[in-house]
Structure formats: C-alpha cells, structure tokens
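Reader: I am new to this structure and would like to be walked through a few of its details. Could we begin with the model itself?

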Amino acid sequence: MTDLPLISVVVPVYRVEKYLDHCIQSITEQTYSNLEILLVDDGSPDGSGEICDRWARQDARIRVIHKQNAGAGAARNTALDTAGGDIIAFVDSDDYLHPNMLSHLYGLMKDGVDIAECEIGITETDDLAMDDGTGASVLVCETEEALRLHIQDEVFRQTPPNKLYRRECVGDIRFPEGNLIDDEFFTYKVLGNAKKLAHSSACMYAYRQQSGSAMHKPYSLRRLQGLDAKLQRLRYFEERFPGLVREAKADLLMTCLGAMQGCLRSLTGEELETARAKLNEVLLRIAPVGIPEGTPPKRKLLLKAAGKHLEPTAKVLNFLIDIHLLT
C-alpha cells in the first residue's frame, strides 16, 4: 500500500514503434511508482499497438486502449475520460523522462500547488543529459502571473507534457479533435483553473525533435488554427483576466506576423488569398493593439510595423532572413 496519490500518465500512440519502448521504459522506471499508465493506440498501422500490449503483460500498471485513428487530441480525450488518478500527466510517445521527473514534480505540489512543471530538453537521441532535480530553482506563481508568463512563452508554456496537473484543474476540459493543433486550445484553460503553479529549472523531459513532424513541414492553411486558439484565449482573458488582454493582443499580433511570413513562403493563389482574408479578420478583431509595458525595443518596433502594415513587414523580414541578416 502507498499513501502517494495515483498519477494517471496519458500516452497517445501512433506510428512510433522505433521510439516507443524507450518512452514506456522511462515511465515504468519512475521513482514515483503509484502510476496508472494509459497507452492509447490511435489505430497505429505499424507495430506500436503490439508493443503496447507486450508492455501491459509485463507491468500491471499499464492499460492499453485500442481505438480507430482520430488524432492525438482524441486519443488524449479517450484516456482522460477513463483515467482514475488524482493527478494527470501527459507524455508524447516518442519522448522520454528522467527517472525522477514525476517524483520531483509531485514534491513541488505538496504546498497547495495545483500544476507543476519542469524544463524540456530538445534532442534527436536516446541519451539526452538531464537533471535529477537536486538543487533546482523553483518559481511559484499565482494564476494571473503564471498566465502572463504563459503569454510571453517563457514558462508555463502550451506544451501539455512536462507538467503534473491536479485532476480538478483539468476537469471537463478536453482537446479539440481532428485539428493539426490542439495543445493551444487546452493549456491556457487548465492553467487558468490553478490557484498556484510551480516551475522547476530542472530539465527532466526529453522532447524528440523529428523533421517530419507537422510543425516542421511547409506552412499550410491548417497551421492557421493557431490563430483560432489564440482568439479563443483572448476571449477567455477578456472575461476572466482583463489585466492580460493587452499582452494577449500583442502576442496574437506577433503570431499573425509569423503566420504571414509562413504563408508568403509556402502558399500561392487561392490558398494565399484565403490566408490573407483570415489574417485580416484577426487584425480587425484585435485592433487597436497597445504596446505592453516593458516590451523590448525590437519587439516594440515589430508590433508597430505589423499593426499598420502586416504583409509588407512580413516580406521585409523574409528578405532579411534570406540574406542572412536575421535568423
């Protein structure tokens, strides 16, 4: 028997047979042992489903759910609907964890913290050097300050993995299904339900960088779903955290600028016109965009230029990147 609360670890699985063993092993070897490991085989056409079943035979904490392919969001939702843990964690099936990650993050939750997170390391290998949590610096924030840092993309970022969530913070919040982008529709709402959040400087989650992932392919109209997510977030802040509206609008304008750069590089004809119309809609919705206090001079210049002339500013930035004056 253990007095430790049950942590439900949600792992959506699709076409990852090359990496899946390493991922699952890193979860089963956690020093925090009271786990429910939910492997959701999202109709994977390779051997990933069989690998999940083999691990379930070896470890009674593992439960496998086989379902028709519907995307990572739907897979996570399926697991959330059946998870029994008091605490929720998400792990992507090609990533892996330091053995102390869950124990370290749970330790940060003992003083009324609802969500705890660690740093993410980016890797292409199976042996990223990570921290064990000893001597890590910890930042503890209340809700609005954590959401401000989330907007600034400094800590409490939109990635669902690398965090532990008390179940009541997740509640009935679910991921959109069928989207290319789903994290951005989910995380801010869960952060907004937490009264206190903690960030550890320890790097304990290994994110495997893959060139074939959706975010590394040429820009597509589906990537504009990120604008919809940030528009929803803006409405959420207008209703619940009005003190964050100025920062959210400025961030959304910078997202429009990045989207315009991507569209100009990858889209032509009717697709580019559709993108232009979408971006103009967003600009009308967020105008006027004020400059948040403390904005660095370069970002301030970009905000002013993009607010007045989005497409010309994107063209200039693309040109400066092409001649290696910007990276």
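Reader: Which residues does Thr313 touch, not counting residues up to four places away in sequence?

Author: This is a predicted model in which local features need pLDDT of at least 70 and side-chain atom pairs count only at pLDDT 80 or more, while totals for chains, interfaces and linings use all residues. Residues are numbered from 1 along each chain as its sequence is written, and side-chain values use heavy atoms, with hydrogens and water left out. With contact taken as heavy atoms within 4.5 Å, and leaving aside residues up to four places away in sequence, the residues touched by Thr313 are Leu257, Leu302, Ala305 and Ala306.

Reader: Does Thr313 count as buried or exposed?

Author: Buried means under 20% relative accessible area, exposed over 50%, and partly exposed in between, using a 1.4 Å probe and protein chains only. Because its relative accessibility is 11%, Thr313 counts as buried.

Reader: Which residue has its backbone oxygen 3.4 Å from a polar atom of the side chain of Thr313?

Author: A polar contact is a pair of N or O atoms within 3.5 Å; within protein, one must be able to donate a hydrogen and the other to accept it, and residues adjacent in sequence count only if both atoms are side-chain atoms. The backbone oxygen that lies 3.4 Å from a polar side-chain atom of Thr313 belongs to Ala305.

Reader: In which helix does Thr313 lie?

Author: Helices are DSSP runs (H or I, at least four residues), numbered from the N terminus. The run covering residues 310-322 contains Thr313, and this helix is α12.

Note on methods:
Helix = DSSP H or I, 4+ residues; strand = E, 2+ residues; numbered from the N terminus.
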